[in-house]
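Me: I am new to this structure and would like to go through it by question and answer. Please show it.

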Amino acid sequence: IQIADGGGATIAGEGRWAAYSTRSTTEVPNDTNGVIDVFVYDRLTGAKVRVSVTNAGAQANSGSEGPAISPDGRFVAFWSAASNLVAGDTNGVVDVFLHDRDSDATELLNTFGVIENPYTTHAVVFVPFSYRSADGEWLDWPYRLWLRGEAAILSWRTVRTLSAVRI
């Protein structure tokens, strides 16, 4: 793993998975985009996979950093300036994405923000949004914190079960 010149790393699964970002082009074959990408390394199998990719597996057209990995290693959230990770991303700003390693699907989690993961079980979200909880209730406390210049700390259970986001 070459984290030098990257955007940090997080560990999950009692040390099994490491999510990290790096500008290195030797982590996986055919890394030719010349930007910082997000990867997951599985210490048990030795496998490395790039997760800052489109649903078709194409490379991001701009840098991706700030990985946060779920405790089970399945989901990786990251921010990216790439406009090609999901269809219709035309806002021209950094967005937050969620990659599902089981389905190899990348989706837009929200816009105008950054996710980082200083703790392995939480995502720190710097975005002005409200979200719908599993029971259907709209919660706006992340937005209220953002208005005060603070961050929202969401559990991975919450991030994974968001049914809707309002920005």
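Reply: A residue is called buried under 20% relative accessible area, exposed over 50%, and partly exposed in between, with a 1.4 Å probe and protein chains only. Strands (E, at least two residues) and helices (H or I, at least four) are DSSP runs, numbered from the N terminus. This is a predicted model, where local features need pLDDT of at least 70, side-chain atom pairs count only at pLDDT 80 or more, and totals for chains, interfaces and linings use all residues. Residues are numbered from 1 along each chain as its sequence is written, and side-chain values use heavy atoms, with hydrogens and water left out.

Me: How many of the six residues of strand β6 are buried?
Reply: In a regular strand the side chains alternate between the two faces of the sheet. In β6, Phe75, Ala77 and Trp79 point one way, while Val76, Phe78 and Ser80 point the other way, and all are buried. Strand β6 (residues 75–80) is therefore largely enclosed by the rest of the structure, and the number of its residues that are buried is six of the six.

Me: Which strand is joined to β6 by six bridges?
Reply: Two strands pair if DSSP finds at least two bridges between them. Strand β5 (residues 64–69) pairs with β6 in the antiparallel sense over four bridges, and there Ser64 stands opposite Ser80. The strand joined to β6 by six bridges, also antiparallel, is β7 (residues 95–100).

Me: Which residue in the hairpin of β5 and β6 takes a positive phi?
Reply: The hairpin has five residues between its two strands. With a phi near 75°, the residue is Gly73.

Me: Which residue of β7 stands opposite Ala77?
Reply: The residue lies in strand β7 and is buried, with a relative accessible area of 6%. Opposite Ala77 stands Leu98.

Me: How many aromatic pairs does a search of the whole structure find?
Reply: Rings of Phe, Tyr and Trp (its six-membered ring) pair if their centres lie within 6.5 Å; planes under 30 degrees apart count as stacked, over 60 as edge-to-face and the rest as tilted. The search of the whole structure finds two.

Me: Which strands hold Tyr20 and Phe39?
Reply: Tyr20 and Phe39 form a stacked pair, 5.6 Å centre to centre with 25° between the planes. Both residues are buried. The pair ties together parts 19 residues apart in sequence, because Tyr20 lies in β2 (residues 17–22) and Phe39 in β3 (residues 37–42).

Me: How far apart are the ring centres of Phe78 and Phe97?
Reply: The planes of these rings lie at 25°, so the pair is stacked, and the centres are apart by 5.9 Å.

Me: Which strands are the edge strands of the open sheet?
Reply: Four strands form this sheet in the order β1-β2-β3-β4, with antiparallel pairing. An edge strand here pairs on one side only, and the two are β1 and β4 (48–50).

Me: Which residue of β2 is the bridge partner of Ala9?
Reply: Strand β1 (residues 9–12) has an uncovered face, Ala9 and Ile11, and a covered one, Thr10 and Ala12. β1 and β2 pair in the antiparallel sense over four bridges, and the partner of Ile11 is Ala18. The bridge partner of Ala9 is Tyr20.
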